[in-house]
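Me: Please take a close look at one part of this model, the side of one chain that touches the other. A connected account would be welcome.

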Amino acid sequence: MTHGPGEVVVTGVGLAVPGAGTPEALLRRTACPVTGPDPEPFDTAARIGRRGHRYKDRATRLALCAALDALRSADLIPADGEEVTVPGDTIGVVASSNLGNLDTACLTAAAIAERSAVDLSPMSLPNASSNVIASWVAIRHGLRGPNLMLCNGATSGLDAVHWAAALVTAGRVRRAVVIGVETRNAVVADLLGRSAGELLDGAAALVVEGARWAEARGARAVAALGPYERRAGLTGCVEALLPDGAAPGVWFTPERYAEGPAGAVPVPQAVPVPQAVPRYDVSGAVGRASGALGVLQCAAAVGWLARAGAGTGAGPEPGAGVGPEPGAGVGPEPGAGVGPEPGARVGPEPGAGLGTAFAAGPGAAPDPVPASRQALITCGDDSADAVAGLLLRPTPDRCPPHPARAALISMECSR
Amino acid sequence: MSQLVTGAGAVASVGEGVDEVFRALCAGTSGLGELRGFDRERYRTRHAYEIDDRPAPGTDVPGRATDWLLRAVGEAAAQAGLGEDLSEVPVLIGTGLRELRSAELAWRDGTPFDIGRLHFGTALRTRFGAVRTHTFSGACSASLYALALAADLLTTGAEDTVVVAGVDTLTESMYGLLDRVNSEPPDRVRPFDRDRRGVLMGDGAAAVVLRREEPGAETRALGRVRAVSMNCDANHVTAPDPQGIARAVHEAQWRAGVKPGDIDLVLLHGTGTQLNDAAEAAAIAEVFGREVSGPLMTAIKCMTGHTSGGSGLLSLIVALESLASGRVPPTLGLAEPLPEAEAFRFVREEARESGDLRVAQIDAFGFGGVNAVAIVERAGR
């Protein structure tokens, strides 16, 4: 289940999380966790209004906010509208959430036990179905392509990105919106056995698009999707993505990776990524993110690629990123945590970076981007049913023009 | 490009195993019963199509859907010669309600349940060593959606073999909310009947093994998947849109390279609700045009109840069995078809022996306007 380099790109990113409005801000917040009072909960009404949303659950409203933001940043929706500027059946939706409608299911079951089904609000009916999030995003923007809802555990967000790319690769759609969303409430906190404050209340979204279709409409790609793998453990997953121990430019770790499984002391030899590689735990910044994590990680990785792209020379982070750094890594050094050297890596660096790596174009070297320019993203750890991993790469240089591609294998439905 | 179905498994209220389920349906056996696991006094509706495997009447236990899923996948994998080792095979599961019933029990009653088992990956890993597992929660078309994604994996060459499954059980929240919105509680599912009163949920699981067709390698296949469409109405969160359904039917036939006149059998979605059956009948009538009286049509939810995310794949397995055997199960409870379906050639009252059935269409539509339609073909020449 891998995609060739450059075939599928990211053309839009959207966020609906407290305290981070852009990929760069999300990365900054991840690298340098903010202390002090939590930011205010994300105000969905400020972005999508209140009208028409009264009976939608919180997860759906957050998803609508992130999707709108992503579609706008991909130039698929004008800044002043909500209608997409391309045919609706060329766009699919893939949403990911494990916990989104748990509250509706459990509170409804409890209400029936206390009184009866007759006293329920019929307006809750749509929310009893787990795919309500993906449905509302499609309805809101007229997206008539395939509409998927992933509820696949810790890896779900990254799996969703993969399936969106699969829809594009198979020619089902030209592009798809991927949304990862989770919310917190008493039901979720109770079932997870965690305090609500530890949990994400937010959403992230991406627009993934066939490179040729992005190019055809003049859209700027902010990242290219590399291979995706789903394996039994973290080490196996990372080795499949980066053979021979190649070091990525950055590693977005599984949720609370530094804490180790179930509070165990981290075992150094089990770390599958070289210690020198900077590692970020997005869930440290936004809360435990479950099915939203993979999409949030991709959003933060887009921020990392943007910053790396602004750097000089061959390395993604000259003078900051690749060399060994005292106090970095997964160890429990005070003040360092998983985001080594807060403040050191974030912020624009002078110069231009991504010169010749893509000059050969598709069909030449199978993997033209050095590992050190790629972001490694992993979801799920050895205690989960599987680990999913994805590489995000800088976008190919589109000059000289992209050579013509062979027709897609499957027919595309575009009426 | 086509794919071969090399194994199938099914668990439903009417039986266990594909042979038993198909025999039961052809015999007109219904899984209808009074509610077994919920407190009947809390609802106006009192019936469902449940699998009778709870430890005692009126009690409920977590993890039932997972158990059926594992049994259906096990049956399909064994028939396909995969055995119990699925460590190298992707498993795509379509479900409407996951293990939400278990979550209801855990939160409301304190029943022990690991929330990490809301999706089915952990159980499939434990039983089959499966790692590349994906739980899609796509309402009532989820398992045909999963089939479409599996077909794409084979078509693009990413995989040679994929296991596709569907499963669902009743949740109290969905059952209760459906009870709330029905004007008059249904006592059975009567697809396409003028006096239909609504849907009743059913328990069940279904699974198939899908394999890329190699020239000359066709052995013991149950049938062939020609194409699967999937789209979204993007119109209403619960009500179906005949236009979206018509687009899905048309696209499936177009992808499969068949015309309405080539279809010998249609397994309708047929939930017995006012809206679905009218919308589906209108869409079928529109796409089939003058050919609408050609294919035999039936809807098995009259005997299985609405098995939600698993229903599309269960219908597909029944369709393959019908193509292979020439026997088509009846649509029970269909006294007088609704006006939009008057020209349909329904199989009624009892199973029909029909000689030469070659191509079948299977419909599945879900909340949120998610539509999927499959075209399958009899194995052999």
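Reply:

**The side of chain B that touches chain A**

In this predicted model, 56 residues of chain B are in contact with 61 residues of chain A, two residues being in contact if their C-beta atoms, placed from the backbone, lie within 7 Å. On the chain B side, at least two residues each come from helix H3 (100-109), helix H4 (121-128), strand S6 (133-136), helix H5 (142-155), helix H6 (172-181), strand S9 (223-232) and helix H7 (242-256). Helices (H or I, at least four residues) and strands (E, at least two) are DSSP runs, numbered from the N terminus. H6(B) provides the largest share of this side, 8 residues. By type, the side of chain B that touches chain A comprises 23 nonpolar, 20 polar and 13 charged residues; Ala, Val, Leu, Ile, Met, Phe, Trp, Tyr, Cys and Pro count as nonpolar, Asp, Glu, Lys and Arg as charged, and the others, Gly among them, as polar.

Among these elements, H5(B) has 14 residues and spans 20 Å from its first C-alpha to its last, close to the 20 Å expected at 1.5 Å a residue, that is, 1.5 Å times one less than its number of residues. Because 13 of its 14 residues are buried, H5(B) is largely enclosed by the rest of the structure; buried denotes 20 or more other C-beta atoms within 10 Å of a residue's own, C-beta atoms being placed from the backbone. Just after H5(B), B:Gly157 adopts a positive phi of about 85°.

Residues are numbered from 1 along each chain as its sequence is written, and chains are lettered from A and ligands numbered from 1 in the order in which they are written. As this is a predicted model, local features need pLDDT of at least 70 and side-chain atom pairs count only at pLDDT 80 or more, whereas totals for chains, interfaces and linings use all residues.

Note on methods
Buried ≥ 20, exposed ≤ 12 C-beta atoms within 10 Å, placed from the backbone.
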